[in-house]
Amino acid sequence: MADVDEKRAIPAAASSSMRPFAESNPPVDHTETPREHGEVAGDEKDDVKVEVTGEVVEEDLYLPLVMLAELPHEPNPLTIRAVTVGIVLGALVSASNLYLGLKTGFTFSANMFGAIFGYGILKFFEKAGKGIPIIGGVFGPQENSIIQAAATGAGGISGIFVAGIPAMYQLGVMGEGRKPKEDIGAIFTITLVCSFLGLFFVTPLRKFFIIQVARELKLMFPTPTAVALTIRSMHAGAAGSLDAIKKLKCLGLTFVACLCHRVGSYYAIGILYDWHVFTWIHIWSGYTSWAMNIESWGWYFEWTPAFIGSGILIGLNPAISMFAGSVLAWGIIGPVLVHYGECIGIAQFDEDDPQGWEGYYSFTSLKNLGTVTPSPRYWLLWPGVMVMVCCSMAELLVQYKVIGVGFKSLWQQMASNLNEMMIKRGKTSPFLARQGAARHKAAFEVEDPAREEDQVKDWWWIVGLLVTVVLGMIIFQFQWEMHPGLTLLACVLAFLFSFLAIQIGAVTDTTPLTAASKASQLIFGAATSGSGFSVKHAQKINLVAGGLASGGADVANSLVSDFRTGFLIGTPPVKQWVAQAIGTFVAVWLAPGLFVLFTSAYPCIYDPNYDPKVSGNCPFFVPSVSAWKAVAQAVTDPAVKIPRTSGIFSIVMGIFSVLQVLFRHYYLVGEREKYQKWLPNWGAIALSWVIPAPVFANAALLGAIIAALWRKYAIRTWDIYGYAVAAGMIAGEGLGGVVGAALTLGNVDGTVYGTNIACPMLEC
């Protein structure tokens, strides 16, 4: 949905879902999420009620889960079948994420999707493959967690391909007329560095986040915890297996149906996908100008399963906030700006021969910035980005106590470890000894259930990190013209931002990667200022560094989330680490390949000179690309001007959004906490200002309303099927988009064999 660097938090009670990434995903509204048995929500407490031998007991979620005694022993859950299935499922999510991220800015995690679909596939193998090596064999919860770990690895790192990398091409920093497939080698290498940097540097922090300070800092990790609880419930005997099969069937049927709908809609898009109601009125009423004026502002309905499913997940508050933001942006502010001459639109009709389409304009141009009167989209882009950054940073800073305690505990642990290493060599450091002694073992700190031989070997991540950093400095110097010192700075920022993102995400279930990427861009804007770089060179460094910092933090957050799931299930951490590392290695090659596929089919994604009048409308809004590009231009190019009125409005709204965060965090507490759900979600509002049309807000609102009514009138069926339907819709449309790209490359898509009937000017 818009500059999305952030993983969307999924309601933790969900029995299936995927990861909203790319940049400003609105926090999930957990207020309507039911809590029963193993389900947890975003405001989760420290325990849940579970039924054990007919008796309901409280279960501490900072300890490994109580598993059924009759579950089979799993001597080695890291199996070929689990990793292979996980990679295949992760690849589906990766393909889906690229389509959805380019279209809306959102990406989704593969953890729950992989856990549920993987359960169904390996359960089938368990029954049908008896006696067959590799395929057959007993299937248990730890192997299930390996599937989701491999799926998370293979489905990750899509964020840089829906934001920073396309922005480089749109700014022309890769060279005039360059195509992504011509730079595939450089794209592979930046993906490699981003992926393995995050994987290696966060590995030693497993004990810190999962074992040592989890209870102290209230690090619940809602979604990873929900994944673990879901895995346990699916392996909980006959009753759990029955519910799991119901969810699996629902997920599969919804997935196939939405995939077929998306592919079929390419051939009749104005009938099956985009309903341009005001165009219909315009035609039926004899070409009335008022209807065409409303159509010009993007007010039509799109039957997009992904965003209807997204609305099912996020809840009413974010959905209503998005819709209200769309009304404000594209129903009030935009028209007022055009009326008073602050902004202009571009006529889409032929003025010499309008053929009844008078009044049809586009208000979304981002060309010739600073030299002409801007479009409403450009004017609204700045307050949207400002509110996104202010909200994310404010949410980060109000947790200063948690962050401070975290950094203090990390330093004390490091001092203790360093002193122990010196003692083994016959030396000691009084300073390190004092600092390490301050890190006392609290009464609430749990023992690590993983044996020493099940831990990730230190030399694995140390050697891997050193090699990755050195390799990154060489690659970025020769392929991206970035000084090794700046590369090292980006690596340090990636670590710092991942540390913050993991802490905040573990508490709020919303990972603030928006703040990470934008803060990185601002820091590198200052670092390159006055250094003699050309504007294009400075912009390249800005985007590459931002991608490295946010991409590394994203992978790091995914690994710690997997460690949390494995801790609860009892999976050896080294097995999970290997599974995710294998999946990540696949993603290094898969994600760039998919990016080249999409950009080859749809040049509008990267081509700054793309003209929709000549080549047709672009099916992708690329909102994250617009936000990244705008920040890069603002901090490097003196010729790019922010309209004065837009700047004033941005500052006012940024301050207002920060004040609301403070109001909610410090005033609406205790007895007044119940009023928090009535506050507007400014992250969602800002998102609707960056997306150049209200269609996604319309669809998300429909999904949220469906979910609210479903919960109210059929809570039992909602508990079984609700989130499975949402996940199937999101994944189905995403994969349908991949099929659509292949059809376009094969010259057999809807533009060749389909119809645009019922579309404005016969163009959707």
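Rings of Phe, Tyr and Trp (for Trp, the six-membered ring) are taken as a pair if their centres lie within 6.5 Å, with planes under 30 degrees apart called stacked, over 60 edge-to-face and the rest tilted. By that count the structure holds 37 aromatic pairs. The model is a predicted one, in which local features need pLDDT of at least 70 and side-chain atom pairs count only at pLDDT 80 or more, while totals for chains, interfaces and linings use all residues. Residues are numbered from 1 along each chain as its sequence is written, and side-chain values use heavy atoms, with hydrogens and water left out.

W459 is exposed at 57% relative accessible area, and W460 is partly exposed at 27%; here buried means under 20% relative accessible area, exposed over 50% and partly exposed in between (1.4 Å probe, protein chains only). Ring pairs also link W459 and W460 with F196, F200 and W577 into a cluster.

A nonpolar core is a set of buried Ala, Val, Leu, Ile, Met, Phe, Trp, Tyr and Cys residues joined through side-chain atoms within 4.5 Å. The largest one has 199 residues, and Y602 is among those that touch the most other members, along with I165, F209, F476, W480, M482 and F598. Beyond its neighbours within four places in sequence, Y602 is in contact (heavy atoms within 4.5 Å) with residues including Y266, P619 and F620.

As for cysteines, the count comes to 1 disulfide, defined as a pair of cysteine sulfur atoms within 2.5 Å. C604 is joined to C618, S to S 2.0 Å, and the link is right-handed, with 60 degrees about the S-S bond. C604 is buried at 9% relative accessible area, whereas C618 is partly exposed at 23%. C258 is in no disulfide, its nearest cysteine sulfur being that of C260, 9.3 Å away. That is too far for a bond.
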